[in-house]
Amino acid sequence: MSGKNGHPQERIGVYVCHCGSNIAGTVDVEQVAQWAASRLQHRGVVIARDYKFMCSSLGQELIEKDIKELGLTRVVVAACSPHLHENTFRTACARAGLNPYLCELVSIREQVSWVHTDRTAATMKAQAIVAGGVERVLHHQPLEPLRVPIHEATLVVGGGIAGIQAALEIADAGYPVYLVEREPSIGGHMAQFDKTFPTLDCAACILTPKMVQVGEHPNITLLTWSEVEKVEGFVGNFTVTVRKKARKVNTDLCTGCGICQEKCPKKVVDEVYEAGLGYRKAVYTPFPQAVPKYPVIDVANCIYFEKGTCKACEKFCPTGAIDFNQQDEILTLQVGNIVLATGYDIFDARRASNYGYGRLANVFTSLEMERMCNAAGPTGGKIVLRDGKTVPKTVGIIHCVGSRDRNFNNYCSVICCMQSLKFAHLVKERTGATVYNFYIDMRTPFKDYDEFYQRVLEEGTLFVRGKVAEVTDAARLPGEEGKLIIQVEDTLIGKQRRIPVDMVILSVGLEPRRDAKEVARKFGIACSANGWFTERHPKLDPVATMTEGIFIAGCAQGPKDIPASVAQGAAAAARVLGKIRQKEITLEPIRASIDESKCSGCRICNGLCPFNAILFHEDRMVSEINPALCQGCGTCVAACPAGAISGTGFSNEQILAQIEGLLLLNLEPQPA
Amino acid sequence: MSHETFEPTIIGFTCNWCSYRAADLAGTSRLKYPPNIRLIRLMCSGRLDPTFVIKALASGADGVLITGCHPGECHYLEQNYKALRRYLLLRRTLAALGIEPQRIKLVWASAAEGAKFATEATAFVEEIRALGPLGWGKSTNGKGLEGILEPSQKGEEVAA
Amino acid sequence: MTSNGKPKFAMYWAASCGGCEIAVLNIHEKILDVDANFEVVFWPVAMDAKYKDVEAMPDGSILLTLFNGGIRNSENEEMAHLLRRKSQILVAFGSCACEGCIPGLANLSPVQEIITTAFHTVSTDNPDGLLPQPEWSAPEGELHIPRLLPRLKTLAEVVEVDYYMPGCPPESHQIAAVIDLVIAALQGKAELPPKGSVIGAGNSTVCDECPRARNVKTITAFRRIQDVAPLDPTLCLLEQGIPCNGPATRSGCNARCPRAGAQCIGCYGPAEGVLDYGARLISAFASVIEAREPEEIERILDGIPDPAGQFYRFNLAGSLLKAARTVWK
Amino acid sequence: MNKYLYYPGCSMETSARAYGLSIAKVASHLGIDLEEIDDWNCCGATEYFSINPIPAYSLIARNLALATHQANGTRTVVAPCSACYLNLAKADYYMAERPALGEKVNEALAAGGLSYAPGTLIIRHLLDVIIHDIGLARIKQFVVRPLYGLRVAPYLGCMVPRPDYYHRWSDHEHPIELDVLLKALGAEVIDFPLKTACCGGHMPHIGPETAFELLRRLISGAVQYQADLMVTVCPMCQLNLDAYQGEMNRYFGTNYRMPIVFFTQLMGLAFGIEAKELGFGLELVSAAKALEKIGVEAPPAAPPARPRKAEGLPMPKPLPKKRALEEEVDS
Amino acid sequence: MTQRITIDPITRLEGHGKIEIFLDEEGNVANAYFQIPELRGFERFCVGRPVEEMPLLTNRICGVCPEAHHMAAAKAADAVYHVDPPPTAKKLRELLYSAFYVTDHTTHFYALGGPDFVMGPDAPVAERNILGVIHKVGLEIGSKVIQARKYGHTVVEMIGGRKVHPCTSIPGGLTKGITEEERRQIEEMGRWAVEFAQFSLKLFNDIVLSNPEYVDLILGDIYTHRTYYIGTVDANNRVNFYDGMVSVVDPNGRRIGKYAPHEYTEWIAEHVEPWTYLKFPYLKKIGWKGFVDGEDSGVYCATPLSRLNAADGMATPRAQEEYERFYATLGGKPVHQRLATHWARLIELLYAAERWVELATDPEITSPHVHNPPTATPTEGVGIVEAPRGTLTHHYWTDERGILTRVNLIVGTTNNYAPISMSIQKAARSLIRKGTVITEGLLNRIEMAFRAYDPCFGCATHSLPGQMPLEVTIRNAAGEIVEVLKRG
């Protein structure tokens with residue numbers, strides 16, 4: 001093994017840190033240094049020092065001095081975790097003219113002094129770790145960090161409030177943005193809402209101005225009724241393929257007058273915008289303030305596309321904008337960064353069949369309720385039963401439907417409590433009905449939220465603490481006939497209760513988009529088990545992902561309310577702008593490469609790379625790795641049966657040598 | 001070495017993003033585990049080449065602990081599944097060579113699971129202690145494999 | 001062949017099957033070049049030779065020795081040392097000398113077990129359970145047979161080796177090429193490769209020479225060759241589920257077995273710079289298995305009923321572990 | 001011809017003879033070949049579980065073991081009784097889930113030279129088999145005397161849809177398998193909210209008052225919905241609702257006369273089989289009056305699956321799994 | 001006074017041997033032990049391997065006759081899986097095998113056994129080898145010899161995938177067939193091989209049979225043993241190498257029976273001596289009576305000579321002629337003179353070549369249907385072929401997955417261990433006498449004694465590889481070493 005035959009030509013310096021008493025308290029650092037100097041001399045160790053705080057400027061200067069005066073060619077620092085100070089010592093070496101990657105930082109604090117108590121054992125382990133570092137560093141090679149220029153444009157996926165915010169921030173900073181939205185209009189869920197808690201200001205009133213801004217912004221290319229099909233490339237240089245679905249409406253001619261919608265004879269239940277509670281036409285804009293204003297023809301439901309006749313819209317369109325032959329367009333975008341704000345789906349209340357949604361007419365979901373309350377909604381803002389006229393006298397609002405429930409989702413959906421309070425208020429305000437809230441725990445954090453709770457309490461809404469067992473129309477006691485009976489254990493009085501109501505509102509939870517996992521795969525980012533996109537760090541890096549250049553915002557990352565979504569949108573934008581301003585980014589030069597002369601073209605590695613960095617040349621029958629796409633995980637290095645793939649920074653030689661070191665295989669015989 | 005006093009030597013492989021950080025967290029949280037385990041940092045459990053494990057065992061380690069991100073949380077998306085597969089096949093092969101498969105162990109630990117790392121490490125050291133020395137060379141004699149070749153070479157000839 | 005100042009050539013077999021000798025004879029006409037350019041001083045299988053002469057020769061007086069066979073008993077070891085002393089260039093010739101080959105599988109069990117098994121087969125008439133004895137006093141006197149080493153060793157484990165020439169046996173065209181090279185070097189027309197290199201083999205693995213069509217590898221099941229019917233004559237065997245060792249086995253044989261519809265069993269040993277053949281193969285096979293759930297993976301792995309044999313068929317003695325644990329104990 | 005192993009259970013010959021008779025008729029009509037398991041024993045529908053699980057499970061497993069020996073060509077065991085179905089399924093499931101239990105049970109079985117490997121058999125309820133193996137489409141073809149005008153309350157009880165180890169049912173709270181079957185027969189099916197509520201189980205013996213309340217809820221529910229009769233899939237439900245209806249009336253001073261019949265009996269009728277052969281008349285609360293209605297022809301067109309009012313707000317569609325069944329019956 | 005001469009190592013036989021000779025008071029030979037110091041453990045380490053690998057693993061028992069092990073293993077594996085390969089597969093295997101026989105017998109005659117005759121037993125050592133032969137008989141013939149081996153190997157490679165250690169036989173047949181183009185070449189080479197075989201017989205005739213000194217040597221008592229003989233024969237009791245029943249004849253040439261592979265344990269048993277790693281097979285029905293010949297001793301012989309003795313003739317015309325001439329010349333069946341084995345070998349060479357052509361011209365031979373996938377559960381099976389050096393028996397037991405649980409091998413040369421030992425003893429007795437001046441040639445004659453068997457201890461010692469030079473140690477009655485006769 002190359003580790004054994006040694007590298008006499010290398011001159012290694014070993015530096016053992018006391019870290020005050022953090023290390024020295026448990027490890028005999030002087031001993032470790034002396035040991036290294038004697039037992040590892042024949043491995044090239046020319047100097048081994050211990051010092052109070054290696055990371056201090058004095059400590060660093062010590063290293064720099066030795067590099068210069070002793071002509072060190074390798075440096076091993078035994079101190080804290082590389083995640084803390086690797087950079088510090090690398091830069092120190094660089095200052096002294098030594099390639100920073102010829103320095104190895106091994107942890108004898110997190111891995112030794114802080115986790116062990118026996119001084120002798122700890123010291124011995126520290127020695128082993130140092131030996132490992134020395135053996136390893138012998139095989140280090142000088143490396144240059146990779147520099148990649150960053151394309152100025154940014155792709156924002158999802159036109160909800162988070163995406164809108166991100167797009168505007170970046171565009172306002174003067175950089176081009178592509179905003180891709182699946183639906184005919186941007187606006188997302190917020191556009192469906194009536195009021196927003198806790199301030200009760202009208203969602204449309206605060207959202208539409210932003211939507212209009214987006215629509216008009218010179219730096220924003222708005223691509224609605226479009227979906228991302230493919231993402232290739234890497235931070236700074238993504239190539240994105242977008243399918244712009246055929247609107248069947250020529251947007252250059254369309255004025256958005258809406259005549260086509262009036263004249264269209266085909267009525268369709270609007271499952272998306274009206275949450276299934278209302279109707280739209282086969283040619284439609286989801287709502288009056290839609291941005292862009294242009295309608296789309298819903299081919300699946302259009303009579304013309306079904307039967308070949310009708311064309312009412314075409315007949316009446318004053319500008320002849322209807323174009324039945326319009327085809328999908330495929331666009332290729334060059335962008336440097338990507339923000340994913342793809343939002344959420346609501347929990348499908350039909351799954352909790354004990355609450356009877358879908359079977360019992362007067363059980364509604366919170367989203368249906370939003371539409372019902374909305375002045376622009378199917379009932380013009382009137383709160384009525386499914387029959388469309390009867391005003392409810394008693395209303396039950398059930399919290400945590402599909403959330404905090406092991407049968408469905410264990411997590412808390414964050415918004416339901418406040419939303420339920422909002423409905424309680426609206427229902428009271430508009431119908432004067434008696435309102436019950438059935439909750440497990442009230443969760444009203446953040447500014448002015450709990451105040452709102454107090455207010456609703458004062459308004460006389462009744463709160464029952466308990467998880468509802470079932471909603472049924474099976475009357476059993478006098479007074480229950482024709483009502484919906486809510487069976488619940490009131491845990492505050494410890495009694496089973498049957499509460500007859502006219503209307504039930506299910507405060508349904510938030511779930512990841514049905515296709516979240518697929519999207520994650522498409523963009524090469526990670527998903528948590530239940531499908532929320534995973535952030536790089538839950539606290540310190542909440543909007544970045546493990547994949548350089550791809551950021552996340554809003555509910556795609558996890559349930560959150562409007563303020564939080566907006567904040568994240570802005571945060572993601574800030575991160576993107578930061579990158580753009582760097583002009584280029586440097587990547588750790590930890591990369592795999594293939595020695596073509598050794599590659600047998602067996603294609604074992606071809607399918608292993610999640611970043612598609614490995615390409616196969618049919619002509620030469622060899623594989624090749626694109627260094628810019630490679631993220632350096634080393635899976636292919638480990639998999640190559642021909643040993644044709646090597647990885648910088650973590651080469652076989654380095655690891656094997658470190659193993660020998662850790663096992664103290666190549667020690668100078670004990671001086672007698 | 002007799003069983004009571006047997007102190008196993010264990011090599012642990014960690015991935016840069018989850019389990020190494022878990023180890024760091026164990027440290028910063030001052031959680032204790034036995035000093036028998038010495039860690040090597042890889043970028044990803046997918047980098048784990050079975051050669052490393054065999055090399056460690058052949059060079060005097062009594063056990064090898066392999067750690068990585070939880071399935072579905074791999075920094076590199078799904079490379080830890082490759083680690084899982086290699087681990088399962090390697091175990092079978094080692095077993096066929098008479099090495100107790102329990103001497104290598106795969107543990108998932110997220111960056112937040114410092115405590116889990118410490119408990120798993122402690123548990124593993126005990127498991128290996130119970131199994132006794134592996135006997136492929138002694139880590140401390142400075143010669144690795146040869147270390148145990150010597151005795152067998154002294155008694156080179158075996159009575160047929 | 002009379003001594004005539006020609007450089008001296010020797011070929012010797014230790015624990016081997018003789019296939020290497022045959023492979024050398026199979027260079028056919030080339031054998032005459034050997035005759036023309038070398039004085040063959042020692043080659044038991046092909047000629048009467050003088051052991052004492054070998055001993056008598058000055059150290060380093062043999063230019064080239066092809067040593068085949070593994071080191072199974074002390075005599076093998078002595079011969080290895082003797083020929084090392086006498087030879088300028090000592091070549092570990094063939095899989096046995098390089099990495100132990102099939103006989104190396106003996107390192108899966110203790111030598112005692114091996115002997116006991118051999119002397120208790122169905123056809124053995126051995127009521128008293130007799131076993132061969134190193135010393136035995138026959139009525140006429142003492143008889144001796146050598147004792148066996150506890151495990152089979154590779155040549156490099158007992159002496160320093162200049163070159164390695166893998167293969168079971170090495171392909172004749174490779175042998176011919178090497179002989180040409182040495183002759184050319186003798187005439188100063190060529191450079192010999194640096195000591196310790198592998199000669200007479202390719203730099204890549206068997207797939208490199210295999211004509212079979214290949215796709216991105218994914219394995220959903222391993223299958224035994226006799227169960228695969230019909231065998232696709234043009235598609236990669238591994239992709240047909242047959243555990244072919246080609247991807248990890250050094251090239252140089254021109255992918256003979258895969259060409260003939262049989263999976264590569266690995267006789268050319270590990271590729272350049274590979275430390276442990278089995279480990280590479282384990283890693284490669286496991287990496288491309290199409291499954292995520294442990295149960296599912298285990299189910300697929302059941303398709304490899306004999307991992308030790310599959311991954312260390314030729315390489316056990318030369319692997320990092322060298323032998324099964326029972327042998328070390 | 002669909003072939004199944006048949007586990008009748010103890011009630012077919014006694015309290016639920018009507019069920020037994022009608023099953024025989026309907027099965028041969030639909031070409032369902034039910035091969036009775038030889039020497040079957042009690043399904044273990046006792047309180048024994050709470051005393052000592054091993055004998056309880058062994059008792060059940062014996063039936064499964066016997067079934068495997070007989071299983072030539074088929075792996076499916078059909079039980080018409082919900083309790084039998086549940087217990088057999090339960091044994092199969094837990095023997096697999098808890099290997100330790102499996103071993104113990106097999107030790108016990110070994111005494112009789114038997115053994116059972118969990119998962120070998122598929123245990124299904126008769127209703128499930130009829131819906132999914134025969135299919136509503138084919139059933140419709142057999143209907144010669146549609147049950148037009150008969151208003152029925154489909155009642156499953158608790159043991160068929162729960163815990164539903166193998167996810168066979170469309171819903172645990174409100175499965176619609178029985179509903180669509182009866183619709184296929186031409187009956188007018190009410191959306192009976194209590195279709196999986198408790199029938200009282202063993203309570204009539206232990207705490208009659210409790211049992212009566214439970215029965216009252218069910219029967220009054222069916223009455224509210226103006227059902228002509230209740231349709232069950234379980235001998236115990238049928239027994240409780242039928243046999244204790246009188247006492248329940250006495251207890252509450254009510255006067256309900258709700259006939260309780262087995263779904264197979266109605267199938268038989270719709271197929272044109274004579275009422276007597278289907279065991280009608282064996283029930284205590286006579287179904288005669290209800291049956292007269294079927295004599296009445298000139299039926300109203302079978303009501304649509306889910307009436308959607310012209311005005312008012314649209315209802316959400318049911319989940320795909322249910323929709324499929326409904327579409328099949330509507331088609 | 002003691003004289004010492006040294007021969008070392010024993011040469012020109014594949015594998016190794018060691019001879020101990022004890023003298024009595026008069027200095028005459030009291031006893032001679034022929035020891036085999038090796039044992040490779042295939043019976044042990046093949047356990048646990050999948051049975052389909054045996055044709056590949058057991059190849060490595062012997063690189064001189066891997067084809068024999070490949071075939072025996074393949075046939076045993078077929079039996080284990082209870083599967084019958086398609087006719088074409090069987091014919092291709094036999095074709096490969098015939099071509100191999102040509103190569104192997106050629107190698108032995110010209111490179112190993114021949115030199116003793118061609119160069120003469122007393123010729124200078126340095127010349128008593130294949131190159132010597134080539135020098136003597138002329139390069140033109142030398143290249144013929146090389147050609148013969150080359151052609152044989154080419155066919156082995158075409159059908160077996162490799163020149164040495166073929167790889168195409170699997171349970172149920174072969175992994176591939178041959179093309180018409182290949183068939184044509186094979187036929188061509190076959191026809192050449194027939195001529196070469198005839199040429200070789202003529203050469204033997206001219207150099208050996210026409211030399212009274214050699215004829216005496218052959219017919220002389222030194223190399224004669226009246227033992228039993230076995231050999232595989234076809235339905236018509238003609239010699240067959242690949243398939244058939246094993247025929248057993250007694251020292252008077254009477255056939256005492258024939259056995260099928262799975263019956264071998266009823267006929268063959270192996271005797272154990274503690275002073276050697278090799279076992280001594282003998283005929284169970286007759287029993288082990290020690291190293292003696294005659295009707296009462298179970299010692300038998302399995303060589304080309306034995307095969308001729310055990311059969312009623314050859315299955316091809318020219319070989320049949322030679323067969324008849326053979327017995328006519330040597331005075332009828334059975335022939336007990338071991339040195340006649342060299343002649344018998346050449347007759348087999350001719351048969352193999354003729355069979356080669358027969359099969360190459362078989363209409364079915366190019367059919368693509370060469371594999372019947374096994375369907376039955378694997379259990380146990382025996383495969384027998386005639387290896388050039390004797391009847392080769394492979395016997396496997398597997399579990400239901402076809403993983404070997406037990407293996408038994410009785411290898412060609414092993415059959416002849418007892419007779420070889422006897423030949424050596426006899427040679428020693430008759431050649432080493434008080435006051436005998438032991439010459440190079442004389443020691444070579446001792447070697448000739450067993451070289452006739454073309455013993456392959458690479459094979460025989462399948463049970464554990466290891467090199468072991470032959471040394472003849474002579475001890476006096478006191479057990480002191482009188483001399484160590486090492487070759488050289």
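How many disulfides does a search of the whole structure find over all chains? The search finds two, a disulfide being a pair of cysteine sulfur atoms within 2.5 Å. The model is predicted, so that local features need pLDDT of at least 70 and side-chain atom pairs count only at pLDDT 80 or more, whereas totals for chains, interfaces and linings use all residues. Residues are numbered from 1 along each chain as its sequence is written, chains are lettered from A and ligands numbered from 1 in the order in which they are written, and side-chain values use heavy atoms, with hydrogens and water left out.

In chain A, a disulfide links A:Cys202 with A:Cys205 at an S to S distance of 2.2 Å. This link is right-handed, with 100° about the S-S bond. In chain B, B:Cys18 is joined to B:Cys69, with an S to S distance of 2.4 Å. The link of B:Cys18 and B:Cys69 is right-handed, with 100° about the S-S bond. This pair connects distant parts of the chain, 51 residues apart: B:Cys18 is in the loop between strand 1 (10-15) and helix 1 (19-28) of chain B, and B:Cys69 is in the loop between strand 3 (63-68) and helix 3 (79-96) of chain B. Helices (H or I, at least four residues) and strands (E, at least two) are DSSP runs, numbered from the N terminus. B:Cys18 and B:Cys69 are both buried, where buried means under 20% relative accessible area, exposed over 50%, and partly exposed in between (1.4 Å probe, protein chains only).

A:Cys257, by contrast, is in no disulfide, and the nearest cysteine sulfur, that of A:Cys317, is 6.1 Å away. A:Cys257 counts as partly exposed because its relative accessibility is 44%. For A:Cys599, the closest cysteine sulfur is that of A:Cys605, which at 6.4 Å is too far for a bond. A:Cys599 has 8% relative accessibility and therefore counts as buried.

Helix 18 (residues 652-662) of chain A is mostly covered, with nine of its eleven residues buried. Among the buried residues are A:Ile655, A:Leu656, A:Ile659 and A:Glu660. The elements that cover the buried residues of this helix include helix 6 (119-137) of chain A, together with strand 1, strand 2 (37-42) and helix 2 (50-58) of chain B. Just after helix 18 of chain A, A:Leu664 adopts a positive phi of about 55°.

The contact of chains A and B takes 47 residues from chain A and 50 residues from chain B, contact meaning heavy atoms within 4.5 Å. About 4,300 Å² is buried between these chains, and carbon and sulfur atoms give 62% of this area; buried area is the accessible area (1.4 Å probe) that two parts lose on being put together, summed over both. Two salt bridges are found across the interface of chain B and chain A, a salt bridge being a side-chain nitrogen of Lys or Arg within 4 Å of a carboxyl oxygen of Asp or Glu. A:Glu660, one of the buried residues of helix 18 of chain A, meets B:Lys55 in a salt bridge (2.6 Å, N to O). Helix 1 of chain B supplies seven residues, the largest share of the side of chain B that touches chain A. By class, that side of chain B has 23 nonpolar, 15 polar and twelve charged residues. Here Ala, Val, Leu, Ile, Met, Phe, Trp, Tyr, Cys and Pro count as nonpolar, Asp, Glu, Lys and Arg as charged, and the others, Gly among them, as polar.

Of the six pairs of chains that touch, chains C and E have the most contacts. In this pair, 91 residues of chain C are in contact with 97 residues of chain E. Chain C and chain E bury about 7,900 Å² between them, 63% of it on carbon and sulfur atoms. Five salt bridges are found across the interface of chain C and chain E. E:Glu52 forms a salt bridge with C:Arg224, with the closest N and O atoms 2.5 Å apart. Chain B and chain D, in contrast, do not touch, and their nearest C-alpha atoms are 22 Å apart.
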